[in-house]
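Good morning, everyone. Please have the sequence and the model open while I talk.

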Amino acid sequence: MIFKWQFSLVQVLLLLLTSSFVVGQTQGVLIADILDKDTKEPLVGAVVELEGIAQGGTTDIDGRVRIEGIPTGNYNIIVTYLGYNELRRFNQSFTSGNAVILTLELEESSATLGEVNITALKKSSIGVADQVTPLSIQSLTTDEIKRNPGGNFDISRVIQVLPGVGGTAGSVGGFRNDIIIRGGAPNENIYFLDGIEIPVINHFATQGSAGGPTGILNVSFIEDVKLSSSAFDARYDNALASIFEFKQRSGNPERFSGNARLSATEFALTAEGPLSEKTTYMVSARRSYLQLLFQAIDLPILPNYWDFQYKVQYKPNAKTTVNFIGVGAIDEFRFTEPRNSDPSKEYILRSSPGINQWNYTTGVSVRRLLNNGYVNVALSRNMFDNRIDRFEDRQIGDEDARILGLQSQEIENKLRIDFNRRFAGWRVSYGFVGQYVKFNTEIFNRIRNEITDEQGNVIQPELSFNYNSDIDFFRYGGFIQTSKSFLDERLSLAMGVRVDMNNFTEEGNNPMETLSPRVALSYQIIPGLRANASVGDYYKLPIYTVLGFRDQEGNLVNRDNLYIRSTHYTGGFEYLPNTAWRFTAEAFYKDYSNYPVSTLTGISLANQGGDFGSIGNEPVVSDGDGRAYGFELFAQRKFSGKYYFVLSYTYVRSEFSGFNGVLVPSAWDSRHLISGLLGRKFKNGWEMELKYRFAAGAPFTPFDLEASRLNYLSLGTGILNFDQLNSQRLDNFSSFDFRLDKRWNYPKWTLNVFLDIVNAFVQPTPAFPNYTFERNESNTGWATTDGQSVKADGSNAIPLILTNNDAIIIPTIGFIIEW
């Protein structure tokens, strides 16, 4: 049945792609608000043009322009205003189904009118850097995210084409969204949606980390994404590796509209429109049916998820904007007996936990315009509920066979206030954040079983944790950030400082422990070429699973942990030869201290977070050091004419120490990262994109063969030999991804059909090896050396290492309808 359904879907696609449709004239609509970037004041009389066609307009008293009658297709939007740098938005798609709704911000030029060089200003229009963050910054528009091959409309996957960005290719063959920025762990990144922090952005998230197999955010809501990997704005706390700023667009202010997306793995529905003259809304829901696909190909795991998102924007007057936002997800990960078992499927069943999660973030933000500036107030609440279960030998529900049982909740209530002003060319921002945090957990974790020999002598004692923990505390911090350009914008200077405290850890109320100054400089050598540099200290509170851990006597043994510190040194060049091209070259060095080290294994927690489950539920000390360093090269050609491309190379070393103080490669030490993207526009709504990804072999730790044999039957996994931590490497990872889109525009609605293939050249997909025992010929039990039943200590079992180097190809056919 499934095969026939897939075959008929292919037939429908071929019919659509080879057919010609005669439709009436179709047109798109642009609704854009043009604002001053520093003050958020509307710019009256700004000129908005579409490159290549005689379409354009000027903004009204509210800073809004409406341009209709736009022939469907892709255009570059050009915005100009006297005294401001030109802005270009490249490759914007216009369809007859949905209006294009944007909020674009222009940056004031500090050059005097007589000295303004129009050509020089146009050259800056592709740049994404600003005074505060003049380097280590990239951005993506919603159209760039939607078209990305292999991205599946998932922002976390799409950003891996950018310099310095990698994924945990070794964990599950590159199919997790563990975002690794310049050699830092996944939990070193933070994420903001319209100024509100969202701790969880992936389904089946690893507690204490941030990764998961697929993202939560709906790309239809997103206007653009900005990624900063150093030179952080002081307004953001708790970031060591990167800051993601997701900017949502507004809902359609004129009529009800939306889109529906159907692909091989999910169905998503988005609706938007006006609620009143001053209020718009967007709402969406998505449902996966991966479990049906996995059943069809006889995989023993059945992942199932929902996610939801909304935004309501209310503008009571010209100076006030109120946004209500929310995003949430429900995840279930269960198992089924395969029709045809093999050692690989048996390993999955024995080693993988059952997962039930739900999470949400909801909040309200208010922006009020002031004289030469504005104030933001954001109040939010986020909650993450996580339940994980694992049982010995697949005896699900048998408490005597339980290996892991975890029920945990993380709750944060946050208030953020920041003021942003412009005085005599200086840009100044300052503010504070307060949080009330609750964390509770009930956990049983059997690290290893007691094992005896035939005479009853204990050859391995049992080790387990069994505790309940419930903590709550306050977090608070403040910042000030300022910047200014000099010498007619040839030189810019940015300075900032912030401090963060809490009333839980022993040193939490000492502001000198987290005083974090930062400074950034940028100098224009010649028009279009700038030299940039920054240095700064950044701090992160240990994860809640660490802070809430209790020993067998109920003591909170990790309260003496310190804030993790990372000092960044970054320098490089940016060259913008014209309005379409951008080149950057940067070198970076990150120095880590106070990193948590496990007292059980003696290794740094910087190596954890690339697998499913939870990390940090163990005793740790703040004794770890680390470093990550390297350089990046980046070239980009925005849409101009018929094609566009991105090419990046990153060399990165990531090393951390444990109890022994010796720096060894971390789990994120990929060394060489290469990514490339090429897109081509054709006539009649056709578009093709090609993407290539390469990562040098990820490091991994070999198994302790004796300990693995002893414990495999009870734990379902092998035991790693931490004396040889990350001493071996997988084969190199590479993937060529392909996407083909065809769009038909009809009066008031649009049909888009796409074919997406991940790993089209069928390259091997290296993943970490797995330890198991060989099965007998009938696959009804374990093979043994003596033909008898396997012994509890595995002494007569036959060890088997699964190398996990198969080629995995993922083809997807999808349909998008816009109205």
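I will go through sheets, cavities and a few single residues.

Ground rules first. This is a predicted model: local features need pLDDT of at least 70, side-chain atom pairs count only at pLDDT 80 or more, and totals for chains, interfaces and linings use all residues. Residues are numbered from 1 along each chain as its sequence is written, and side-chain values use heavy atoms, with hydrogens and water left out.

Helices (H or I, at least four residues) and strands (E, at least two) are DSSP runs, numbered from the N terminus. Two strands pair if DSSP finds at least two bridges between them.

Sheets, then. Start with the open sheet of three strands. Its order is β4-β1-β7, and the pairing is mixed. The edge strands are β4, residues 64-71, and β7, residues 100-106; each pairs on one side only. From one strand to the next, the twist averages 25°. For that angle, axes are lines fitted to C-alpha atoms, for helices over the stretch in contact, and angles run from 0 to 180 degrees between N-to-C directions. Strand β1, residues 27-36, runs parallel to β7, with seven bridges between them. Look at D36: L106 of β7 stands opposite.

Next, an open sheet of five strands. Read the order as β8-β15-β16-β11-β12, again with mixed pairing. β8 (137-141) and β12 (196-197) are at the edges with a single partner strand each, so one side of each has no neighbour in the sheet. β8 is antiparallel to β15, residues 222-228, and five bridges join the two. Within that pair, S139 faces K226 of β15.

Now further along the chain. β31 (529-540) and β32 (564-575) run antiparallel, joined by 12 bridges. S534 is opposite T570 in β32. β32 then pairs with β33, residues 581-598, also in the antiparallel sense, over 11 bridges. Here G571 has A587 of β33 opposite. The link from β32 to β33 is a hairpin of five residues.

How many cavities of 30 Å³ or more does the structure hold? There are 12. A cavity is a set of points, on a 1 Å grid over the protein atoms alone, where a 1.4 Å probe fits but cannot get out; lining residues have an atom within 4 Å of a point. Grid points are joined across faces, edges and corners, and a volume is the space filled by probe spheres set on the points.

The largest cavity has a volume of about 540 Å³. Its lining has 33 residues; nearest the centre are P199, S209, E410, E412 and K540. At least two lining residues come from each of β11 (189-193), β22 (354-370), β23 (373-391) and β24 (402-423). By class, the lining has 15 nonpolar, 11 polar and seven charged residues. Nonpolar here is Ala, Val, Leu, Ile, Met, Phe, Trp, Tyr, Cys and Pro; charged is Asp, Glu, Lys and Arg; the others, Gly among them, are polar.

The second largest cavity holds about 230 Å³ of space. It is lined by 24 residues, and L140, E144, Q636, K638 and V646 are the closest to its centre. Two or more lining residues come from each of β6 (87-94), β8, α3 (142-147), β34 (620-640) and β35 (643-656). β34 gives the largest share, five residues. The classes are 13 nonpolar, five polar and six charged.

Where does W782 lie? In the loop between β43 (770-773) and β44 (799-802). W782 is buried, at 14% relative accessible area. Buried means under 20%, exposed over 50%, and partly exposed in between, with a 1.4 Å probe and protein chains only. Leaving out residues up to four places away in sequence, W782 touches R350, Y712, L713, T772, F773, E774, R775, N776 and V790. Contact means heavy atoms within 4.5 Å.

Now backbone angles. R182 is not a glycine, yet has a positive phi of about 50°. R182 sits in the loop between β10 (180-181) and β11. Its relative accessible area is 2%, so R182 is buried. D488, also not a glycine, has a positive phi of about 55°. Find D488 in the loop between β28 (463-486) and β29 (491-502). At 42% relative accessibility, D488 counts as partly exposed.

Methods. On a 1 Å grid over the protein atoms alone, a cavity is a set of points where a 1.4 Å probe fits but cannot get out, and a pocket is an open set with protein on both sides within 12 Å along at least five of seven lines; lining residues have an atom within 4 Å of a point.
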